[in-house]
Amino acid sequence: MQNAKAANVPNDNIERSIKKGSSQDVEAYHDVQYELYGHGGVGIIVEVLTDNKNRASSEIRIATNKRGGSIATPGSVAFNFDRKGVITVAKNKAFEDELFVKATESGAEDFIAEEDVFIIITDPQELYTIKDALSHKGVECEEALLEMVPKTSVECDVETAKQNLALIEWLEGIDDVDAVFHNMKIPDEL
């Protein structure tokens with residue numbers, strides 16, 4: 001709900017989704033994970049929540065037919081990713097040294113300073129415990145999500161990166177898709 005409110009989703013839509021999800025007559029929903037190879041050997045993981053596996057798999061196939069890439073066999077891409085908790089804090093909301101100390105004292109596994117945010121990596125089971133500990137220490141967290149974090153990144157030239165970004169954008173536009181993760185290192189020129 002916090003993420004929906006942060007994205008300015010109207011309260012009526014949030015309440016309708018909650019009622020739909022908690023209704024007894026709702027169809028069974030399935031969590032499905034698709035593994036893809038993008039352009040230049042980039043690994044892509046697509047997490048889907050769907051009431052129709054055939055429709056979801058068809059839409060993934062259409063995406064790879066239109067934007068390139070291929071569907072990989074299960075396990076061939078996922079081995080290169082770890083499920084982690086990811087907490088983001090805006091750079092204008094914290095000082096790096098202070099946040100680093102607070103994060104490590106709270107049990108964070110890693111701390112990354114990006115261009116406009118700090119990223120705190122946690123064990124998936126500890127995500128909300130660490131987020132709450134940081135909040136109690138006065139840290140304003142933007143997001144706290146479970147994500148598939150790549151173990152290694154694949155370097156791409158600008159053209160290959162553009163092709164992969166087009167595929168990722170198409171995948172993210174599919175209604176049943178919850179999240180898309182990749183191990184592409186995006187070139188600075190983009």
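# Close-up views of a predicted model

View 1. Ala113 stands opposite Phe118 in strand E6. Helices (H or I, at least four residues) and strands (E, at least two) are DSSP runs, numbered from the N terminus. This is a predicted model, in which local features need pLDDT of at least 70 and side-chain atom pairs count only at pLDDT 80 or more, while totals for chains, interfaces and linings use all residues. Residues are numbered from 1 along each chain as its sequence is written, and side-chain values use heavy atoms, with hydrogens and water left out. Strand E5 (residues 110–113) pairs with E6 in the antiparallel sense over four bridges (two strands pair if DSSP finds at least two bridges between them). Three residues sit between E5 and E6 in this hairpin.

View 2. Four strands make an open sheet here, in the order E5-E6-E4-E7, and their pairing is antiparallel. At the edges are E5 and strand E7 (143–150), each of which pairs on one side only. On average, neighbouring strands of this sheet are turned by 30° against each other, direction ignored. Look next for the helices. Helix H4 (residues 96–106) lies across strand E4 (81–90), E5 and E6, and runs at about 160° to E5. Helix H5 lies across E4, E6 and E7, at about 15° to E4. For such angles, axes are lines fitted to C-alpha atoms, for helices over the stretch in contact, and the values run from 0 to 180 degrees between N-to-C directions.

**View 3. Pro124 in its loop.** Find Pro124 in the loop between E6 (117–122) and H5 (127–136). Is Pro124 buried or exposed, or partly exposed? Its relative accessible area is 24%, so Pro124 counts as partly exposed (buried means under 20%, exposed over 50%, partly exposed in between, with a 1.4 Å probe and protein chains only). Leaving aside neighbours within four places in sequence, Pro124 is in contact with Arg83, Lys84, Gly85 and Leu146 (contact means heavy atoms within 4.5 Å). Val86 is 38 residues from Pro124 in sequence, and 8.4 Å from Pro124 in space, C-alpha to C-alpha.

**View 4. The other four-stranded sheet.** This open sheet has the strand order E3-E1-E2-E9, with antiparallel pairing. Its edge strands are strand E3 (70–71) and E9, and each pairs on one side only. Between E1 and E2 there are eight bridges, in the antiparallel sense. Here Leu36 stands opposite Ile44 in E2. Helix H3 packs on the sheet and touches E1, E2, E3 and E9; its direction makes about 20° with that of E1. Helix H6 lies across E1, E2 and E9, running at about 160° to E9.

**View 5. The largest nonpolar core.** A nonpolar core is a set of buried Ala, Val, Leu, Ile, Met, Phe, Trp, Tyr and Cys residues joined through side-chain atoms within 4.5 Å. Which residues have the most contacts inside the largest one? They are Ile44, Val46, Ile60 and Leu171, in a core of 20 residues. Two or more residues each come from strand E1 (30–37), strand E2 (43–50), helix H3 (53–67), helix H6 (158–172) and strand E9 (177–182). H6 gives the largest share, four residues. Apart from this core lies another, of 15 residues, among them Ile87, Leu127, Ile130 and Cys141. Now zoom in on Ile44: not counting residues up to four places away in sequence, Ile44 touches several residues, including Tyr34, Leu36, Val77, Leu167, Leu171 and Phe181.

**View 6. Ser57 and its partner.** Ser57 has its place in helix H3. With a relative accessible area of 15%, Ser57 is buried. The side chains of Ser57 and Arg61 are joined by a polar contact of 2.9 Å. A polar contact is a pair of N or O atoms within 3.5 Å; within protein, one must be able to donate a hydrogen and the other to accept it, and residues adjacent in sequence count only if both atoms are side-chain atoms.

**View 7. Stepping back to the chain.** Six helices and ten strands make up the list of elements for this chain. Of its 190 residues, 36% count as buried. Among contacts in the chain with a separation of 6 or more, 69% are between residues 24 or more positions apart.
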